[in-house]
Amino acid sequence: MRLLTHNMLKCHVKNCTDPDKQYPLRFKDVQIEQIEYEPNEEFLVRMLPRIDWSALVKTAKDLNIGIPGSMPEDPASDQDFLQKLHTIIMETHITEGSMVCDGCSHEYKITKGIANMLLAEHEI
Ligand SMILES: [Zn+2]
């Protein structure tokens, strides 16, 4: 599971609605793998407005991944930044572990790189 995907996920358990706690989900006991992927600058630039930067910074720091604290003024024309961003959101994969919600403590398991976002019936 890419960090880009993680950046788009929030807890969806019923009654778990505190925006400060249901997002971002906190990684726990994760295995990380770097998998090389063809950079696509156009795609990255298109994703920029959709990325929650402070959530990404928080997550990267949790995982000891170096990341610029803020987006540069003109990120679309900053090659160095785009390369770093590519490495972080496209090439960094969480293969095993889980994501925990700070609001309701629900744990979303990650197995073989796939996050299980399914809920038990009482959580829907
Ligand atoms: Zn939750």
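Reply: A residue is buried under 20% relative accessible area, exposed over 50%, and partly exposed in between. Keep in mind that this is a predicted model.

Me: Is lysine 84 buried, partly exposed or exposed?
Reply: The relative accessible area of lysine 84 is 41%.

Me: Which residue forms a salt bridge with lysine 84?
Reply: Opposite charges can pair when their charged atoms come close. The closest N and O atoms of this pair are 3.2 Å apart, and the cut-off is 4 Å. Both residues lie in helix H4 (residues 79-90), four residues apart, about one turn of the helix. The partner of lysine 84 is aspartate 80.

Me: Which residues coordinate the zinc ion?
Reply: Each donor is an SG atom, at 2.2 to 2.3 Å. Along the chain the donors follow the spacing C-x4-C-x84-C-x2-C. The residues are Cys11, Cys16, Cys101 and Cys104.

Me: What is the geometry of the zinc ion site?
Reply: The site has four donor atoms, with angles of 102 to 115 degrees among them. Four donors count as tetrahedral if all angles lie between 85 and 135 degrees. The site is therefore tetrahedral.

Me: Are cysteine 11 and cysteine 16 buried or exposed?
Reply: Both cysteines are zinc donors through SG. The term buried needs a relative accessible area under 20%. Cysteine 11 and cysteine 16 are both buried.

Me: How many residues of strand E2 are buried?
Reply: Strand E2 spans residues 92-100 and is mostly covered. Strand E1 (residues 26-34) pairs with E2 in the antiparallel sense over seven bridges. E2 also pairs with strand E3 (residues 107-111), again antiparallel, over four bridges. Of the nine residues in E2, the buried number is eight.

Me: Which residue in E2 stands opposite glutamate 33?
Reply: E1 and E2 are antiparallel. Glutamate 33 faces a residue of E2 across this pairing: histidine 93.

Me: Which residue in E3 stands opposite glycine 97?
Reply: E2 and E3 pair in the antiparallel sense. Opposite glycine 97 stands isoleucine 110.

Me: How many residues apart in sequence are the parts tied together by arginine 26 and aspartate 102?
Reply: The two side chains meet in a salt bridge at 2.9 Å, N to O. Arginine 26 lies in strand E1 and aspartate 102 in the loop between E2 and E3, so the pair ties together parts at a sequence separation of 76 residues.

Me: Which residues do salt bridges that share partners join into one network?
Reply: The structure holds four salt bridges. In one of them, the side chains of glutamate 107 and lysine 109 meet at 3.6 Å, N to O. Bridges with shared partners make one network of Lys28, Glu107 and Lys109.

Me: What is the phi of serine 105?
Reply: Most residues other than glycine have a negative phi. Serine 105 lies in the loop between E2 and E3, and is exposed at 55% relative accessible area. Its phi is positive, near 70 degrees.

Me: What is the phi of lysine 112?
Reply: Lysine 112 is found in the loop between E3 and strand E4 (114-115). At 72% relative accessibility, lysine 112 counts as exposed. Although lysine 112 is not a glycine, its phi is positive, about 50 degrees.

Me: Is the peptide bond from tyrosine 23 to proline 24 cis or trans?
Reply: Most peptide bonds are trans. Proline 24 sits in the loop between helix H1 (3-7) and E1. With omega near -10 degrees, the bond from tyrosine 23 to proline 24 is cis.

Terms used
Residues numbered from 1 in each chain as written. Predicted model: local features only at pLDDT ≥ 70, side-chain atom pairs only at ≥ 80, totals over all residues. Heavy atoms only, no water. Donors = N, O, S within 2.8 Å, 3.2 Å for Na, K, Ca; no water. Tetrahedral: all angles 85-135°; square planar, octahedral: opposite > 155°, others 65-115°. Buried < 20%, exposed > 50% of the residue type's maximum accessible area, 1.4 Å probe, protein only. Helix = DSSP H or I, 4+ residues; strand = E, 2+ residues; numbered from the N terminus. Pairing = 2+ DSSP bridges.
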